[in-house]
Each structure stands twice: as C-alpha cells, then as structure tokens.
Amino acid sequence: MAVRACGLIIYRRLQPAPSSKVTDSIEYLLLQTSYGTHHWTPPKGHVDPGEDDLQTAFRETQEEAGLQASQLTLIEGYKKELHYPVRGKPKTVVYWLAEMKDCNTEIKLSEEHQAFQWLKLEDACKFAEFEDMQATLKEVHQFLCSRE
C-alpha cells in the first residue's frame, strides 16, 4: 500500500511593476525540512485516519506554515498527484493550489522545518531538487498564466 500525503502549493501575488507582466509578480512558498537532506517542498504531510485528502492538505499547511484555511483561496481546477518511491516504498502526494489572500501574512514554521522562502518560478525550481516537483511548479505557473 502506498504512503499517501497531501499538501498545498501556495502562491502570492506582489504588486507588479507597471512594465512587468502579471505572472512575473507570482511567488511560491517553499519550506526547508529540518531533517534528512534539508530539501525544499510545499507544505504537505500524511493523511490521518478519518481525514479526506483536502482536509489533510489544509491541516498540514496550518501545522507547518501557520496558515489557516481562511487565509487562503483554494484555486478551482488544479489538482496534481505525484508518485515516487521513498526508501523503497511507493508514495503518493496530492497537491492543490491556493493563493494567499494577504501577501504579507506571516509564515510560522513548526519544528519540522528550519526555513521558508517566497520564490519566483525559476528560483523555486532551483530550490525544489526533484524533477517532478519542478515540473509541477512549471505546470502550476502555466495554469495561472492561462487564467489571466
């Protein structure tokens, strides 16, 4: 049985400079783990018994980044499932997309993470070492660009 985890890819929009495209003002939230290889990912975690996937995504976001569901807008029409092995066992991670209502809301990390960054797409892809996460961030960006 695959380990199942769920999370939110969170973005914020800064005030764009008059000359820039709207999509240039989008930044993604990545958290750096305080364990293992200190990799960077969006907030995510294992599904607890009795929880549905989306509940897990919101609970983990609250636990790991201090963000309440009320501070986020869930973006309709985007959901991504990633499959990869962790220590030889299959893992499934489901991500939804959410926008910060207020781009200045404070991020409050748990002990599971030691740092966070708001990053433009190119930098977010450099921080997210795993190819499937990089591809997902690019896909999200295209999705957001197509909605403008």
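In this predicted model, His-38 is partly exposed, with a relative accessible area of 30%. This value lies between the 20% cut-off for buried and the 50% cut-off for exposed. His-38 sits in the loop that links S2 to strand S3 (40-41). Its phi is near 55°, a positive value in a residue that is not glycine. Most residues other than glycine have a negative phi.

A second residue of this kind is Arg-87. Its phi is near 50°, again positive in a residue other than glycine. Arg-87 belongs to the loop between S5 and S6. With 81% relative accessibility, Arg-87 counts as exposed. A glycine with positive phi was also found.

The largest pocket has a volume of about 750 Å³. It is lined by 27 residues, and those closest to its centre are Tyr-35, His-39, Lys-44, Val-86 and Lys-91. Two or more lining residues come from each of strand S1 (3-13), strand S4 (44-46), helix H1 (53-65), strand S5 (72-86), strand S6 (89-100) and helix H3 (131-147). S6 gives the largest share, four residues. By type, the lining comprises eleven nonpolar, eight polar and eight charged residues.

Lys-89 is part of strand S6. At 55% relative accessibility, Lys-89 is classed as exposed, because the cut-off for exposed is over 50%. Lys-89 and Tyr-35 are separated by 54 residues in sequence and by 19 Å in space, C-alpha to C-alpha.

Tyr-84 lies in strand S5. Its relative accessible area is 25%, so Tyr-84 is partly exposed. Beyond its neighbours within four places in sequence, Tyr-84 contacts Lys-44, Lys-89, Pro-90, Lys-91, Val-93 and Asp-132. The C-alpha atoms of Tyr-84 and Val-3 are 10.0 Å apart, although 81 residues separate them along the chain.

His-46 is located in strand S4. It is partly exposed, at a relative accessible area of 45%. Neighbours within four places in sequence aside, His-46 is in contact with Val-3, Arg-4, Ala-5, Glu-51, Thr-56, Arg-59, Glu-60 and Lys-91. For His-46 and Glu-60, the C-alpha separation is 8.3 Å across 14 residues of sequence.

Helix H1 was considered next. Its 13 residues should span 18 Å at 1.5 Å a residue, and its end C-alpha atoms are 18 Å apart, so the two values agree. At the start of H1, a side-chain oxygen of Asp-52 comes to within 3.1 Å of the backbone nitrogen of Leu-54. The buried residues of H1 are Asp-53, Thr-56, Ala-57, Phe-58, Arg-59, Glu-60, Thr-61, Glu-64 and Ala-65. In an α-helix there are 3.6 residues a turn, so residues three or four places apart point the same way. The buried residues of H1 pack against S1, strand S2 (26-33), S4, S5, S6 and strand S7 (113-119).

Asp-53 is placed in helix H1. Its relative accessible area is 18%, so Asp-53 is buried, because buried means under 20%. The side chains of Asp-53 and Arg-4 are joined by a polar contact of 2.6 Å. Apart from neighbours within four places in sequence, Asp-53 is in contact with Arg-4, Cys-6, Val-47, Val-94 and Trp-96.

Glu-60 is also placed in helix H1. At 6% relative accessibility, Glu-60 counts as buried. Its side chain makes a polar contact of 3.0 Å with the side chain of Arg-59. Not counting residues up to four places away in sequence, Glu-60 touches Cys-6, Pro-43, Lys-44, Gly-45, His-46 and Ala-65.

Terms used. Residues are numbered from 1 along each chain as its sequence is written. This is a predicted model: local features need pLDDT of at least 70, side-chain atom pairs count only at pLDDT 80 or more; totals for chains, interfaces and linings use all residues. Side-chain values use heavy atoms; hydrogens and water are left out. On a 1 Å grid over the protein atoms alone, a cavity is a set of points where a 1.4 Å probe fits but cannot get out, and a pocket is an open set with protein on both sides within 12 Å along at least five of seven lines; lining residues have an atom within 4 Å of a point. Grid points are joined across faces, edges and corners, and a volume is the space filled by probe spheres set on the points. Ala, Val, Leu, Ile, Met, Phe, Trp, Tyr, Cys and Pro count as nonpolar, Asp, Glu, Lys and Arg as charged, and the others, Gly among them, as polar. The expected span of a helix is 1.5 Å times one less than its number of residues. Buried means under 20% relative accessible area, exposed over 50%, partly exposed in between (1.4 Å probe, protein chains only). Contact means heavy atoms within 4.5 Å. A polar contact is a pair of N or O atoms within 3.5 Å; within protein, one must be able to donate a hydrogen and the other to accept it, and residues adjacent in sequence count only if both atoms are side-chain atoms.
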